[in-house]
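Here's a quick tour of charged side-chain pairs. Take a look at the model first, then read on.

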Amino acid sequence: MAAETPEAPECPPESLPGAHMSPAEFRRHGHAVVDWIADYLEGIEARPVLSRAEPGSIAAKLPKHPPATGEPFEAILSDMDAIVMPGVTHWQHPSFFAYFNSNASGPSILGELLSAGLGVQGMLWATSPACTEVETVMMDWLLELLGLPDAFRSTGAGGGVIQDSASSATLCAILAARERATGWRTDRAGVDRRLCVYASEQTHSSIEKAVRIAGLGRDNLRAVACDARGALDPAALTAAIAADRAAGHTPCAVIATIGTTSSHAIDPVRAMGAICRAEGIWLHVDAAHAGPAAVCPAYRWIHDGVELADSYCTNPHKWMFTNFDCDAFWVRDRAALVRTLSVLPEYLRNAATASGRVIDYRDWQIPLGRRFRALKLWFVMRHYGVAGLRRHIEGHVALAQRFAGWVEADPDFELAVPAPLNLVCFRHTGGDAINEAIMQRLNDSGALYLTHTRIGDRFTLRLCVGGTHTEARHVEDAWRRIRAAAA
Ligand SMILES: *Cc1c(COP(=O)(O)O)cnc(C)c1O
């Protein structure tokens, strides 16, 4: 029986409820939104850094059901203030010193807006050549900016790609390592060996998540011992690999961290690279937060030995003025990554792909679809230039170092570990309870936001200086308040 054809609506579309926003309306509301963002950033210091919302309080202000008919844009925007803002922690506040920053900037926000405006989905080169080609060149620019090895350049066998997060980049690296170690047996037939992954005890939680998602099993992630500073001990790595080989297992990947999340420890990448080369193991370097320090020649030493790595990632969305999400991921052998992740169905076949002359970034990541993220990176690098980026990042490190100096000079406080860059781990000498109380008082005050870790099993405060608008006066104020909170 033939299905009935629905009748075409009789009235013209603009008189139907929920008409599309016309270009003229978009222009008007768009200006209002840009004004709203500019006002927000201009007045951000007056807000308490940490949201004081109680669990469920924001959800309770939202209607239970979607609106039956469309609402005026003014009403929607005014609910940003009424409903959303009380539940926002102000990550761009200059006194945000918690976790690692996720800094943003005017050029980045505007690049993101343009990406949304184009609404491009760049899964294939053919689905928007500019989306792919701008990204390839930006990754080569960024490689140069960070002093990364030429082996990662797109003009050779390597190349870079923008991922949503360091977690995804690491997952891609571990998947490629797994496939390389098992001869790309995607049918898995005959693959019954245990594949082992090695990382320090201080490695980020995303490594275990990647190992689990990759199907390697959490028990096959080896937590390698660290020195007192939190950096991996290469002798312990060698011993762990030898023990696994003796047990008939296959070492598959090693993860080195440049700037651990707890304490900014820097693993000995060169020594780990030598071990991986000798053993034929994939070395992935996770420099999610600390990587942008290498924009400054004075801190380029953090990348010592990276030329021995198979892959590397860092997050411009943490410390390079590029709003979330933007992780930069490079591989030495892009063929290994593409072979791991490529599946080509008929409906994606096209002449450009068949020619072999273009990059299809869908083969370099887990999802198929992808946004035009390279625009914000392009805008950031052009707005600041190399000199501007250096000046701001050096400024952050200098402020953190000054703060570390004040801690060291105060008899009531101590550094938990030396601070190599812009993260200072410190504590009051009076024990865990007073440090917990200091953090609680400061965060409750709304004036600043700090988080903690445990080092040597002692409660330790962390202060990270990486906010786009953080200046000396904010760090000075933080130190004054920390001392007052201890009194
Ligand atoms: C922040 C961080 C990650 C995770 O970053 P995402 O981009 O949020 O996945 C991984 N490793 C280190 C060392 C980090 O600091």
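What follows is a short briefing on salt bridges in this predicted model.

This is a predicted model, so local features need pLDDT of at least 70 and side-chain atom pairs count only at pLDDT 80 or more, while totals for chains, interfaces and linings use all residues. Residues are numbered from 1 along each chain as its sequence is written, and side-chain values use heavy atoms, with hydrogens and water left out.

**The overall tally**
- Side chains of opposite charge can pair when their charged atoms come close.
- Counting a salt bridge as a side-chain nitrogen of Lys or Arg within 4 Å of a carboxyl oxygen of Asp or Glu, the total comes to 28.

**Arg153 and Asp150**
- These two side chains meet in a salt bridge, 2.9 Å from N to O.
- Arg153 is partly exposed at 22% relative accessibility, and Asp150 is exposed at 54% (buried is under 20% relative accessible area, exposed over 50%, partly exposed in between, with a 1.4 Å probe and protein chains only).

- Arg178 pairs with Glu179 in a salt bridge, with the closest N and O atoms 2.8 Å apart, and both residues are buried.
- Asp310 forms a salt bridge with Arg180, where the closest N and O atoms sit 3.4 Å apart.
- That pair links distant parts of the chain, 130 residues apart: Asp310 is in the loop between strand E5 (282-286) and strand E6 (311-314), and Arg180 is in helix H6 (residues 166-181). Helices (H or I, at least four residues) and strands (E, at least two) are DSSP runs, numbered from the N terminus.
- Asp310 is buried at 11% relative accessible area, whereas Arg180 is partly exposed at 32%.
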